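Here is a friendly walk through one model, from its core to its strands, charged pairs and surface. Please keep the sequence and the structure in view as you read.

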Amino acid sequence: MRKILLLIPILSMTISLLPGCSSLNVYKITVQQGNIIEDESLELLKPGMTQKQVQYVLGTPVLKDPFHPNQWDYYHSEKPGYGDRVAYSVRVFFKDGLMTHYEKKDITQQAF
């Protein structure tokens with residue numbers, strides 16, 4: 001009889017704690033890397049803009065390649081906590097210090 005009386009509180013505590021174990025979801029943060037470049041910002045770019053004007057619109061580029069001084073590279077990668085990673089790059093081209101054009105490319109499938 002005493003054993004049964006001791007088992008009842010232990011079993012009731014165990015049963016009450018079990019539902020908490022099944023809902024242990026860890027919060028995962030969204031990780032953003034690089035420059036966030038919106039389409040509205042790209043629409044502001046016009047051929048003939050100076051490098052300072054482009055930098056004012058898009059921000060500081062992630063990469064200014066010393067071997068290709070006439071192109072700037074902007075990268076953005078976003079990994080939501082519970083979703084697939086999205087990544088894109090924007091490459092801006094200059095000639096004689098003035099912007100000629102830019103290219104936006106989806107690089108989600110490429111491995112980092």
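The largest nonpolar core has 13 residues, and those touching the most other members are Ile37, Leu45, Val54, Leu58, Tyr74, Val90 and Val92. A nonpolar core here is a set of buried Ala, Val, Leu, Ile, Met, Phe, Trp, Tyr and Cys residues joined through side-chain atoms within 4.5 Å. At least two residues of this core come from each of α3 (51-58), β3 (71-79) and β4 (86-95), and β4 gives the most, with four residues. Helices (H or I, at least four residues) and strands (E, at least two) are DSSP runs, numbered from the N terminus. In soluble globular proteins, nonpolar side chains tend to be buried together.

This is a predicted model, in which local features need pLDDT of at least 70, side-chain atom pairs count only at pLDDT 80 or more, and totals for chains, interfaces and linings use all residues. Residues are numbered from 1 along each chain as its sequence is written, and side-chain values use heavy atoms, with hydrogens and water left out.

Which residues does Ile37 touch, not counting residues up to four places away in sequence? They are Leu42, Leu58, Tyr74, Tyr88 and Val90, where contact means heavy atoms within 4.5 Å.

Now to the strands. Seven of the ten residues of β4 are buried, so the strand is mostly covered; buried means under 20% relative accessible area, exposed over 50%, and partly exposed in between (1.4 Å probe, protein chains only). β3 and β4 run antiparallel and are joined by eight bridges; two strands pair if DSSP finds at least two bridges between them. Within this pairing, Ser77 has Ala87 of β4 as its bridge partner, and a hairpin joins β3 to β4 through six residues. Eight bridges also join β4 to β5 (residues 98-106), again antiparallel, with Ser89 partnered by Lys105 in β5. The hairpin of β4 and β5 has two residues between the strands, and Asp96 takes a positive phi near 55° there.

How many salt bridges does a search of the whole structure find? There are two, a salt bridge being a side-chain nitrogen of Lys or Arg within 4 Å of a carboxyl oxygen of Asp or Glu.

| Salt bridge | Closest N and O atoms |
|---|---|
| Lys104 and Asp39 | 3.1 Å |
| Arg91 and Asp73 | 2.5 Å |

Arg91 lies in strand β4 and Asp73 in strand β3, so their pair ties together parts that are 18 residues apart in sequence. Arg91 counts as partly exposed at 29% relative accessibility, whereas Asp73 counts as buried at 4%. Lys104 is partly exposed at 41% relative accessibility, and Asp39 is partly exposed at 44%.

Gln51 is found in helix α3 and is partly exposed, at 27% relative accessibility. Not counting residues up to four places away in sequence, Gln51 touches Pro69, Trp72, Phe94 and Gly97. The C-alpha atoms of Gln51 and Met99 are separated by 7.0 Å, although these residues are 48 apart along the chain.

Last comes the surface. Ile29 lies in the loop between α1 (2-22) and β1 (31-34) and is exposed, with a relative accessible area of 55%.
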